[in-house]
Amino acid sequence: MYPHEPFGTTAGIPLEAHVAELRSRCEAVARVQGCSTHYLEEIRIFRAYAAESGLILLPSAFPELSRTPDDEGNEHQVWFQRETNTYLKITWPDFYGMLVLYRQDEEDRASPIAYLERWHLHNELFGDGVRFLGALEEGGKLRLIIQQQAIEGEPATLSQINDFFTSNGWQRFVANGEVAYFDSEQRVVISDTHRGNLILMDDALLAPIDLRVQPLEGALLDYVIKACQD
């Protein structure tokens with residue numbers, strides 16, 4: 001089903017296992033220094049992990065890169081893989097998306113570790129099957145590669161999107177001027193819920209395809225709980 005399993009790498013490891021190992025390394029560093037890891041530390045941790053795990057791949061591993069992307073967005077260039085009905089998504093160099101929420105003294109961009117955690121949570125929460133294939137290095141900058149099953153349908157309306165989340169127990173609030181939703185049981189927030197990121201399928205169900213997803217704890221969790229009560 002998925003053609004890209006480069007020889008000599010551990011690209012076939014489940015996304016969940018990558019995230020668990022990377023988070024374990026972040027927690028080890030945090031224990032030593034007595035505070036959470038920051039953006040640049042997480043980049044260093046990810047680079048070390050990717051290098052020792054054989055996850056830095058050559059562009060030749062992906063024939064799609066020889067042609068113009070089928071689509072481009074704020075976070076990815078995208079190639080459709082017709083033979084498997086999947087999309088190959090590659091982040092822009094040294095950019096791994098944005099966080100839903102962040103403290104004033106923190107970077108608002110997601111680290112590569114937060115990016116992979118986002119997709120792991122996307123799989124867990126919405127039944128997706130996103131796979132992490134590895135990373136490309138171009139001029140010293142990293143680009144992460146994921147693969148996602150294509151979904152047929154049309155963009156959902158904003159009303160359908162809101163109903164989808166609120167009817168499933170998500171609480172709506174506003175974060176950084178954007179609509180966001182909070183799951184109090186999972187302690188997770190999501191944003192970037194515009195029409196292009198949720199597909200209305202033929203069976204009338206909605207399929208999220210590219211949301212920002214972020215776990216919360218500490219002060220950020222307290223902030224969201226209060227925001228949902230106001």
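Tutor: The accessible surface of the chain is about 11,800 Å², and carbon and sulfur atoms account for 50% of that area. Such areas come from the Shrake-Rupley method with a 1.4 Å probe, and for residues only the protein chains shown count as cover. The model is a predicted one, in which local features need pLDDT of at least 70 and side-chain atom pairs count only at pLDDT 80 or more, while totals for chains, interfaces and linings use all residues. Residues are numbered from 1 along each chain as its sequence is written, and side-chain values use heavy atoms, with hydrogens and water left out.

Some background on the chain comes next. Along the principal axes, the C-alpha atoms fill a box of roughly 50 × 50 × 25 Å. Of the 230 residues, 47% are buried, where buried means under 20% relative accessible area, exposed means over 50%, and partly exposed is in between (1.4 Å probe, protein chains only). Among contacts (heavy atoms within 4.5 Å) between residues at least 6 apart in sequence, 60% join residues at least 24 apart.

The part to look at closely is glutamine 214 and its surroundings. Glutamine 214 sits in strand 13, which covers residues 212-215. Its relative accessibility is 10%, so glutamine 214 counts as buried. The side chain of glutamine 214 takes part in two polar pairings, described here one at a time. A polar contact is a pair of N or O atoms within 3.5 Å; within protein, one must be able to donate a hydrogen and the other to accept it, and residues adjacent in sequence count only if both atoms are side-chain atoms. The side chain of glutamine 214 reaches the backbone nitrogen of valine 100 at 2.7 Å. A polar atom of that side chain also lies 3.0 Å from the backbone oxygen of leucine 101. Neighbours within four places in sequence aside, glutamine 214 touches Leu99, Val100, Leu101, Leu121, Arg187, Val188, Val189 and Leu220. As for a residue elsewhere in the chain, the C-alpha atom of leucine 144, 70 residues away in sequence, is 18 Å from that of glutamine 214.

Leucine 101 belongs to the loop between strand 4 (86-91) and helix 3 (112-126). At 5% relative accessibility, leucine 101 is classed as buried. Apart from residues up to four places away in sequence, leucine 101 is in contact with Phe173, Ala175, Asn176, Val189, Gln214, Leu216, Leu220, Tyr223 and Val224. Leucine 101 and alanine 180 are 79 residues apart in sequence, yet their C-alpha atoms are 9.8 Å apart in space.

With 47% relative accessibility, arginine 187 counts as partly exposed. Its phi is near 55 degrees, a positive value in a residue other than glycine. Most residues other than glycine have a negative phi. Aspartate 192 has a positive phi as well, near 60 degrees. This aspartate lies in the loop between strand 10 and strand 11 (198-200), and its relative accessibility of 16% means that aspartate 192 counts as buried.

Another glutamine can be set beside the one above. Glutamine 148 lies in strand 6, residues 141-149, and is buried at 3% relative accessibility. Its side chain makes a polar contact of 2.7 Å with the side chain of lysine 89. Beyond residues up to four places away in sequence, glutamine 148 touches Thr86, Tyr87, Lys89, Trp119, His122, Asp128, Val130 and Ile209.

Notes. Helices (H or I, at least four residues) and strands (E, at least two) are DSSP runs, numbered from the N terminus.
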